[in-house]
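This report describes one protein, starting with a helix and ending with the chain as a whole. Keep the structure in view while reading.

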Amino acid sequence: MTTHLTPGTPNYRFTAPSSREALRLVRETLGPDAMVLSNRVTAGGVEVVATMDGPVAREAAPVAPLPVPLPPPALPLQAVAPLPLPAVDDGNSLLREIHSMRGMIEEQLAGMAWNEHQRRDPVRGHLLRTLLGAGFSARLAKDILENLPTGLSHACGMDHARAELARRVPVLEDENALMEEGGVYALMGPTGVGKTTTTAKLAARCVLRFGADKLALVTTDSYRIGAYEQLRIYGQILGVSVHAVKDAADLAHVLDGLRDKHMVLIDTVGMSQRDRAVSEQIAMLCGASRPVKRLLLLNASSHGDTLNEVVEAYRHGGKAAKGSDLAGCIFTKVDEATHPGVLVDMAIRHQLPVHYISSGQKVPEHLMLVDRRALVDSVFHAKSRSALFVPGEADLDERPVLLGNEAEMAAAEAVNERLRAQCQQLIRALTHNAQELASNASALAHGQIGFEETRTLWRKLCDAKLGEEAITQTLRAQALADIHAGCSDYVLAVTGDTSLAGEDGADPRVLTSTVLLSDRTGRPFAAPQQILAGPVQPGMSLPDDWIQKSGKPLVHLLARLPASGLIAQWRSSGIQWAASATAALRILDTGTGTPGTLAKMAAGLTFSTPQATTYRRKPAWVSVAEALVIVRPPAGDDASDAHGEVSRLRCVVRRIIDADGGKPLAHSYMLASTDIQATAQQIAQWPGWRTAAEPYFKLLKQGVVQLASDVQPDDATMRKQWLIAGQASTTVFRLQYVQAPWADAARKVLARLAGRSVRPGRPVPGPALLEGLGKFFVLLDALESDGTDLSPQPCRVTAQA
């Protein structure tokens with residue numbers, strides 16, 4: 001073996017019979033940090049050329065040949081193997097270094113490819129980040145966007161992604177078929193997933209449909225303290241029998257005794273997905289005397305990998321037990337999830353039909369059927385969109401650490417910059433939806449619900465030049481126009497109180513307001529005045545001097561009969577009213593002069609021809625009758641009625657009877673002042689209209705809170721807020737009643753702006769519409785100030801249903 005130093009260069013040449021010996025010479029001569037430049041097979045053996053980064057570890061004699069034995073005869077080329085990697089530690093280090101370099105090169109190439117892909121189609125990259133941020137796996141997210149057409153806007157791309165996800169997610173198509181089929185269902189899952197509570201919720205749904213005698217509950221949880229007692233309490237509340245089993249023999253015996261039950265629900269023992277007893281539990285259920293359908297409960301707040309383990313364990317752990325598979329799954333604790341996309345991802349990947357969604361502890365309210373579109377929309381409307389433990393692009397950007405005020409200023413500047421970027425991004429995204437915004441704004445403006453007037457007042461809330469009197473005059477002028485357009489003979493008014501929280505611990509204030517209804521349809525159309533007082537007596541809270549300009553009298557609809565002294569006072573003042581009364585009210589029938597109650601008098605009245613209607617979703621007949629009555633003093637009060645004719649009132653009785661058997665179902669009584677000339681059929685509708693208008697006052701409270709600002713209770717700005725909140729609440733209330741395609745589209749848009757999902761056939765809550773209306777105004781102003789053209793433009797939507 002020889003070593004030679006190439007003159008003028010720092011390279012060393014080593015010759016040895018084998019590569020292993022040559023590398024050993026390199027290490028002994030140059031040290032462990034030597035770098036091999038080349039190796040080749042020569043007539044003298046294997047020649048290795050090496051160099052070093054630093055000084056030689058020990059003194060070497062590169063010129064003189066080393067005293068080594070003569071090399072053996074030259075080997076034939078076919079017998080010379082390629083240079084093998086040495087088995088010593090330095091060879092392993094070299095191998096790790098090579099793998100590390102390869103990984104870095106692959107990452108750089110992948111980054112270059114991704115950047116080029118982003119440059120060509122930035123919308124696809126943005127959509128991919130959105131799907132990943134919602135909790136979807138990278139594989140499913142890329143698969144969803146595989147067939148995304150190029151050139152789409154971000155909004156249209158999201159529509160495509162939502163439609164594709166909704167198409168793929170499997171759900172329970174028909175709950176009625178599941179309930180009618182019945183059978184034995186076992187709810188399975190890890191500990192703490194909510195099996196017992198969900199069992200109670202399902203039991204409540206079954207009891208409402210079939211009755212308590214058609215259902216039984218079974219628990220196999222004999223380990224957890226109080227498990228049986230918890231289910232037994234639910235059973236007592238529902239009137240359902242509860243049975244506890246310990247093993248397969250007990251289960252077979254209990255199920256045999258429950259064959260007369262239409263449905264049996266089994267609450268199983270909670271087990272970790274890594275517990276070997278999972279397969280034993282599945283085998284016990286699959287080996288029962290009756291077929292058991294297994295429903296797996298998935299915790300929405302769990303990590304995606306954990307959920308995947310759970311599904312694998314509870315699905316494939318039962319292969320040995322007759323190969324029974326899971327019948328479906330139930331999502332639980334959805335209200336606690338920050339990134340619920342993992343649930344939809346899991347259902348699509350494993351093709352597990354989603355039967356129900358549980359989003360709270362209340363039984364049975366917090367268990368809902370699954371709607372594909374609503375489920376997918378809820379994923380992107382999650383309350384927490386932060387990914388604290390998933391690093392983003394900004395998290396990987398290393399910056400120097402700043403101290404003191406410098407760090408605070410930098411943090412504040414970073415927040416401002418992020419907010420500015422978000423606003424610009426929002427405006428750019430909304431620009432793509434300009435057609436939808438413009439069409440809905442135009443429809444709302446032409447819908448005769450006061451949209452334009454509300455928007456005008458909303459924008460002038462902080463205008464000091466616009467006073468309370470000017471707002472009042474504007475609202476009254478609009479109300480007069482609506483009276484001429486929507487009322488025939490009367491203007492109906494419903495007065496209510498709205499409690500407003502006091503400031504700094506002060507007592508709550510009461511805002512008394514009045515909403516006007518049409519005497520044709522009962523629909524609200526105006527709330528022109530609010531009074532902070534009270535509670536003010538109904539009939540006194542709304543001066544009708546300006547309403548007299550319409551030529552139609554005002555009728556106050558009351559929830560209960562006023563006192564006799566107030567009735568006399570209103571009659572002398574010309575105030576007209578109508579109030580609901582109870583069947584036990586003591587009256588004097590002026591026709592017969594006989595004292596009695598309203599119920600007794602109604603038994604002798606002649607009712608009108610019945611007309612078809614529905615009562616509690618069943619066909620029925622409705623008819624009315626009328627009489628003049630005098631209200632008598634309460635029992636035990638010997639005071640005579642000194643008012644006589646003053647207390648004479650019209651009494652309208654509304655009777656509902658069963659369409660099939662003719663059995664009376666309900667009676668309602670309405671007392672009205674004799675000055676009202678409306679027909680009995682018209683007056684009979686007024687109690688229902690008054691009840692339908694009562695939610696307006698809760699909506700008004702929401703509007704006041706939404707417009708609240710830091711002002712004193714007696715400040716004029718606060719009174720302006722009440723008036724504008726009343727107008728906005730009236731607009732939303734009117735929108736809720738409109739049955740037209742444009743109104744449905746507008747309600748969906750406002751609900752989406754408020755972050756609410758819209759389920760088919762379900763009305764959008766008023767508070768959600770009110771919140772969405774405020775955001776709608778802000779977005780319209782932002783787009784107009786940004787110079788965006790809000791005229792209708794064609795929009796390309798390629799999403800598939």
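Predicted model: local features only at pLDDT ≥ 70, side-chain atom pairs only at ≥ 80, totals over all residues.

The expected span of a helix is 1.5 Å times one less than its number of residues. Helix α17 has 19 residues, so its span should be 27 Å. Its end C-alpha atoms are 26 Å apart, which agrees.

Which residues of α17 are buried? They are Ile 471, Thr 472, Leu 475, Arg 476, Gln 478, Ala 479, Leu 480, Asp 482 and Ile 483. An α-helix has 3.6 residues a turn, so residues three or four places apart point the same way.

Buried means under 20% relative accessible area.

| Residue | Relative accessible area |
|---|---|
| Gln 281 | 5% |
| Cys 329 | 0% |
| Cys 487 | 2% |

The structure holds zero disulfides.

Gln 281 sits in helix α10, which covers residues 277-286. Because its relative accessible area is 5%, Gln 281 counts as buried. What lies 3.1 Å from a polar atom of the Gln 281 side chain? It is the backbone oxygen of Val 269. Leaving aside residues up to four places away in sequence, Gln 281 touches Met 188, Thr 220, Thr 268, Val 269, Met 271 and Tyr 314.

**Nonpolar cores**

The largest nonpolar core has 65 residues. Those with the most contacts inside this core are Phe 136, Leu 165, Ile 266, Leu 298, Phe 331 and Phe 380. Helix α12 (residues 341-350) supplies the largest share of the core, six residues. A second, separate core has 64 residues, among them Trp 689, Met 718, Val 732 and Phe 776.

Phe 331 can be followed through its contacts. Not counting residues up to four places away in sequence, Phe 331 touches Leu 298, Leu 343, Val 344, Ala 347, Val 354, Tyr 356, Ile 357, Ser 358 and Leu 375.

**The whole protein**

The protein contains 24 helices and 23 strands. Of its 801 residues, 42% are buried. Its accessible surface comes to about 42,200 Å², and 54% of that surface belongs to carbon and sulfur atoms. Among contacts with a separation of 6 or more, 68% join residues 24 or more positions apart.

Methods. Residues numbered from 1 in each chain as written. Heavy atoms only, no water. Helix = DSSP H or I, 4+ residues; strand = E, 2+ residues; numbered from the N terminus. Buried < 20%, exposed > 50% of the residue type's maximum accessible area, 1.4 Å probe, protein only. Polar contact = N/O pair within 3.5 Å; in protein donor to acceptor, adjacent residues only side chain to side chain. Contact = heavy atoms within 4.5 Å. Disulfide = S-S within 2.5 Å. Areas by Shrake-Rupley, 256 points an atom, 1.4 Å probe, with all protein chains shown as cover. Core = buried A, V, L, I, M, F, W, Y, C linked by side-chain atoms within 4.5 Å.
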